[in-house]
Amino acid sequence: MKQLVVILALCATSLLATFLVVQSQKQSSVAEIIEARRSVRAYEPKKVEREKLQRLAELGVAAPSAMNRQEWEIRIVDNEAWIEGATKSYLAAVDGSGKADYMLKDPNFRNIFRNASAVIFIGAPEGEISDVNIGMLGENIMLAAVDMGLGTCCLGSVLGIFAEPAMKEYLASLGFSDGYRLRYALAVGYPAEQPEAKPRDLSKIAFVE
């Protein structure tokens, strides 16, 4: 009996050690997360948990900003009715113009935000420094999303979408403060694709002697 107990104890210790090794191997370095990030344009219909969306926003505002002014605002939309309503309004407004053709050619088209179940809208004042600040905020969110098993896509297209008069109500519902305007959005969801990395032009890197 004692021998059996010893054997079982050794097996348990071995299994625990194996588990810890596997867990440690699962942890990604910052470099690995950066290299794993892709612009995802196909998402599963599964909703993203609000806890994860909240955490993404929190990690976004952990970004540095000039003089720590934090001149940005984040609005998260995961309301299916809102997304569906915005989609119908926009498509009706641009019907026949060709503006939505690149979206509608997707055989799995569901909405104008790359079919994502959630959209993070970024607002900020105008200005070059503001551009830098919100760029860093967005990169934080996109990298954090990779770590959570989520995909993202930066949507500059929302500027044209919400410029349509028919979208005025939806833009206003984002509730950005006076002096702030919509700058871009991030589609967020569980990825339904694993795009290959696009080549990067390393010749643009140079040391100054």
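Which residue forms a salt bridge with Glu73? Arg75 does, and the closest N and O atoms of the two are 3.2 Å apart. Here are some notes to read beside the model, which is a predicted one.

1. Let's stay with that pair for a moment. Glu73 counts as buried because its relative accessibility is 13%, under the 20% cut-off. Arg75, at 25% relative accessibility, counts as partly exposed.

2. The structure holds eight salt bridges, and another one worth a look joins Asp78 to Arg50, with the closest N and O atoms 2.8 Å apart. This pair links distant parts of the chain: Asp78 sits in the loop between β1 and α4 (80-93), Arg50 belongs to helix α3, and 28 residues separate them. Asp78 has 6% relative accessibility and so counts as buried, whereas Arg50, at 60%, counts as exposed.

3. Lys204 and Asp201 also meet through their side chains, in a salt bridge of 4.0 Å from N to O. Lys204 counts as exposed because its relative accessibility is 69%, over the 50% cut-off. Asp201, at 43%, counts as partly exposed.

4. Now to the sheet. Four strands form an open sheet, ordered β1-β2-β4-β3, with antiparallel pairing. β1 and β3 are the edge strands, each pairing on one side only. From one strand to the next, the twist averages 20 degrees.

5. Leu155 stands opposite Ala185 in β4. Helix α6 packs on the sheet, touching β1, β2, β3 and β4, and its direction makes about 10 degrees with that of β4.

6. Helix α6 also passes a simple length check. It covers residues 128-147, 20 residues in total, so at 1.5 Å a residue it should span 28 Å; the end C-alpha atoms are 30 Å apart, which agrees. After α6 comes Gly149, whose phi is positive, near 80 degrees.

7. Which parts of the structure do the buried residues of α6 pack against? Their partners are the helices α2 (30-36) and α3 (50-60), together with the strands β1 (73-77), β2 (118-124), β3 (151-155) and β4 (181-189). Among the buried residues of α6 are Ile134, Leu137, Ile141, Met142 and Leu143, and the list also includes Ser130, Asn133 and Gly138.

How values were computed:
Residues are numbered from 1 along each chain as its sequence is written. This is a predicted model: local features need pLDDT of at least 70, side-chain atom pairs count only at pLDDT 80 or more; totals for chains, interfaces and linings use all residues. Side-chain values use heavy atoms; hydrogens and water are left out. Helices (H or I, at least four residues) and strands (E, at least two) are DSSP runs, numbered from the N terminus. The expected span of a helix is 1.5 Å times one less than its number of residues. Buried means under 20% relative accessible area, exposed over 50%, partly exposed in between (1.4 Å probe, protein chains only). Contact means heavy atoms within 4.5 Å. Two strands pair if DSSP finds at least two bridges between them. Axes are lines fitted to C-alpha atoms, for helices over the stretch in contact, and angles run from 0 to 180 degrees between N-to-C directions.
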